[in-house]
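Open the viewer and keep the selection tool ready.

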Amino acid sequence: MKKKLKKNFKVADIPVDEIKVVFIAAFSNCVTNRFREFTIKLLNNLLNTNDRIAHFSNGKSYQCSFCGKCKESVSHIFFECKMIESVWRSEEHTSELQSQ
């Protein structure tokens with residue numbers, strides 16, 4: 001079941017019981033350290049997106065690296081960017097074909 005998230009999504013908006021599921025998955029024995037690190041950074045809004053990097057770097061653009069139209073943020077990359085959405089959809093289609 002897919003949920004529609006509001007435009008200004010924040011990790012704090014996720015119900016605690018759902019965050020617990022993510023943390024359990026992140027720290028299970030079957031995931032890599034890289035996945036754990038990514039999950040922790042995602043949940044704590046520490047991913048190096050252009051909106052964060054531009055605060056510390058002169059001349060760095062806030063624009064999305066993929067679509068170039070919007071301000072790049074975690075919520076934009078995962079929920080709003082049409083270019084990334086097409087990648088997710090193609091990946092979803094590929095995994096469905098492989099499971100058949």
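Is R89 buried, partly exposed or exposed? At 47% relative accessibility, R89 counts as partly exposed. Buried means under 20% relative accessible area, exposed over 50%, and partly exposed in between, using a 1.4 Å probe and protein chains only.

A note before moving on. This is a predicted model: local features need pLDDT of at least 70, side-chain atom pairs count only at pLDDT 80 or more, and totals for chains, interfaces and linings use all residues. Residues are numbered from 1 along each chain as its sequence is written, and side-chain values use heavy atoms, leaving out hydrogens and water.

R89 forms a salt bridge with E85, with the closest N and O atoms 2.9 Å apart. A salt bridge here is a side-chain nitrogen of Lys or Arg within 4 Å of a carboxyl oxygen of Asp or Glu. R89 and E85 sit four residues apart in helix 5, about one helical turn. Next, select K82. K82 also bridges to E85, at 3.6 Å between the closest N and O atoms. K82 is exposed at 62%, while E85 is partly exposed at 26%.

Jump to helix 2, residues 33–43. Select K41 and E37: their salt bridge has its closest N and O atoms 3.1 Å apart.

Finally, zoom out. The protein chain has five helices and zero strands. Helices (H or I, at least four residues) and strands (E, at least two) are DSSP runs, numbered from the N terminus. Buried residues make up 22% of the 100 residues.
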